[in-house]
Amino acid sequence: MRGLAAFDMDGTLLAKRTIDVLANELDFKQKLVQIDQASKGKYAYQISIEVARLLENVSASRVIDIFDQIEIRRGAQRLINFLKKEKFLTAIISDSYTFLIQRLAKKLQIDEIWGNIVEINEGRLTGKLITQPCWRNNDPRCKRHSVCKLHALESIINKYNVPMDKIIAFGDSSGDICMLKHAKVAIGVTPRNFTLTEYVDLIVEKDFVESWNSIIRLISKI
């Protein structure tokens, strides 16, 4: 195994954020905006809990139908195929829900997933997030995301004995910074957060096809 390629999902492998698409289709866009506006001073996991409540009593099959219609970023499958040919382990590490991440991973033939776990009872979401906390309590800078992407990254590389200097990471938001800054090669994909640009070696402005040659040059460093 040559290394690990870790991808965020929403806004990275997918062209849009899953929760934004669900909010539009299930008519809770205004409630999502209100949660965002009231988020100052809260830890990230607290916001994730509030967002999960918006999906209470929604059919899991309805969520899946909506999710499956979200556009995959152009060139994503080509990039995954290239990485696997080059002997990279591939992973999705996302704040989204595992029952959805699994679907994209299967479609793109990605090896590992890590995400939020939402409770489903008799085919409907209960609105409860049951992800176990895994952040570092002794780090005052920690944003306490419900999915600690650094913990996920470390768990995967420990499972497969991948050295830390053999990691490529792709992300688009502040929630990806811990993952990006610990990677040998960090690639920002249409970043939603200016701070993220301080931690990346390359910014993909549109899609993987348009930035293909630059991405391949960076991969060759691993």
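Buried denotes under 20% relative accessible area, exposed over 50%, and partly exposed in between (1.4 Å probe, protein chains only). The model is predicted, so local features require pLDDT of at least 70 and side-chain atom pairs count only at pLDDT 80 or more, while totals for chains, interfaces and linings use all residues. Residues are numbered from 1 along each chain as its sequence is written, and side-chain values use heavy atoms, with hydrogens and water left out.

View A. Strands (E, at least two residues) and helices (H or I, at least four) are DSSP runs numbered from the N terminus. In β1 (residues 3–7), five of five residues are buried: Gly3, Ala5 and Phe7 on one side, Leu4 and Ala6 on the other. Strands pair if DSSP finds at least two bridges between them. β1 pairs in the parallel sense with β2 (residues 88–97) over five bridges and with β6 (residues 167–171) over four.

**View B. A stacked phenylalanine pair.** Rings of Phe, Tyr and Trp (its six-membered ring) pair if their centres lie within 6.5 Å; planes under 30 degrees apart count as stacked, over 60 as edge-to-face and the rest as tilted. The structure holds four aromatic pairs. Phenylalanine 7 and phenylalanine 170 are stacked, because their ring centres are 4.3 Å apart and their planes lie at 5°. Both residues are buried.

**View C. An edge-to-face pair.** The rings of phenylalanine 82 and tryptophan 212 have centres 5.9 Å apart and planes at 75°, and are therefore edge-to-face. Phenylalanine 82 lies in helix α5 (residues 76–85) and tryptophan 212 in helix α9 (residues 212–219).
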